[in-house]
Every structure is written in C-alpha cells, then in structure tokens.
Amino acid sequence: STLRVSFGKHLNRALQFGPECHAAVKRFTAFMTMPEVEARPELANADPSVVLELKDASFAWPAGTAAVKNLSVQLKKGELLVVAGPVGCGKSALLQALLGELTATSGTSGMRGRVSYAPQSPWIQAGTLRTNVELGSESDPKWYEQVVHACSLDVDAVQLGPKRHETE
C-alpha cells in the first residue's frame, strides 16, 4: 500500500516535469554542441591608448546577409561612444560584430582588452511588478520608488491597470 502511494506520487511528478526536463536537456545539448566562436582579432594599432579600431569594416550574419557596412571608428581609453538609432538600424549587430559573433567580410577590426555583453533579453519572474523589482530583498518603499522612477517603470505601472505594482 505504501509502495503504491509512493510510486503514484513519483509517477505524477515524472509525468509533470519529464517534458520540461527533456526540453532543457535538448537546449543544453544544442548550446554545448555549437561551434566555438573565433577569437577576436587583436588590435594592430601600436598606440596603447587605442582600445577599439574599425577601418572600413563590414560584417555579415551567419546566412551571409550584410549586417554592418563600411564602418570606421577609433576609440581610446576614457572615451565614451554612444550608439543610438531607430529599431533595426544595426546597433545590436555592431555589438555582435565586436564580440566576434558575426563574420567579417571586409576591412579591418581589432580590440584591446576584455569585453562583455548583456543582450536585450529580459528575465521576468512569475510574480508582481514589485516582486520582480525587489527580487527577494526586504521591502523598502523609498528605495522601491527610486528604482521604479529611475527605470521609468512608474509610467508603465499606471498602464498596468488598477493593481499597478501588484499586477502579476
């Protein structure tokens, strides 16, 4: 009798979580079997203050379609480069090119030092707007309001309806 209850309980869990596990293993396998990204070319410029240099550089997506064309830029330590433009103009493509994730088709490019990139993929927990901002921290209304305002979420919260910050 105890064995039946235990088996039934675990069978239920296996049926519930089995497909999720299978999907996760498939995604993990696909990621782990991806080809290695080629190393970024080192910067040929002898000036140690130059950290990024592109000369008539063009890059293409894996399918061969042009992503960035004939770009020239030089960036030195301490300088700030702002990349701005409308949706679909190539801002993210430029960043992927600098990371070596796009194929260089012409020109030269190089970077000195280490680089990291956080893509525009939001991660949202199941829960309210408030729980997604606080992420388990102790509730501090003043801090919460500062964060919401700094991220321009106060306008979004109004659009969520009467529950606003408590909307799931």
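A polar contact is a pair of N or O atoms within 3.5 Å; within protein, one must be able to donate a hydrogen and the other to accept it, and residues adjacent in sequence count only if both atoms are side-chain atoms. In this predicted model, local features need pLDDT of at least 70 and side-chain atom pairs pLDDT 80 or more, while totals for chains, interfaces and linings use all residues. Residues are numbered from 1 along each chain as its sequence is written, and side-chain values use heavy atoms, without hydrogens and water.

Such a polar contact joins the side chains of Glu134 and Ser139, at 3.3 Å. Glu134 belongs to helix α3, residues 129–134 (helices are DSSP runs of H or I of at least four residues, strands runs of E of at least two, numbered from the N terminus). Glu134 is buried but has no salt bridge, and Arg130, the nearest side chain of opposite charge, is 4.1 Å away. Buried means under 20% relative accessible area, exposed over 50%, and partly exposed in between, with a 1.4 Å probe and protein chains only; a salt bridge needs a side-chain nitrogen of Lys or Arg within 4 Å of a carboxyl oxygen of Asp or Glu. Lys and Arg count as positive, Asp and Glu as negative; His and the chain ends are not counted.

The whole structure holds one salt bridge. Lys76 and Asp47 form a salt bridge through their side chains, at 3.9 Å from N to O. Lys76 lies in strand β2 (residues 66–76) and Asp47 in the loop between α1 (2–32) and β1 (50–60), 29 residues apart. Lys76 is partly exposed at 31% relative accessibility, and Asp47 is partly exposed at 29%.
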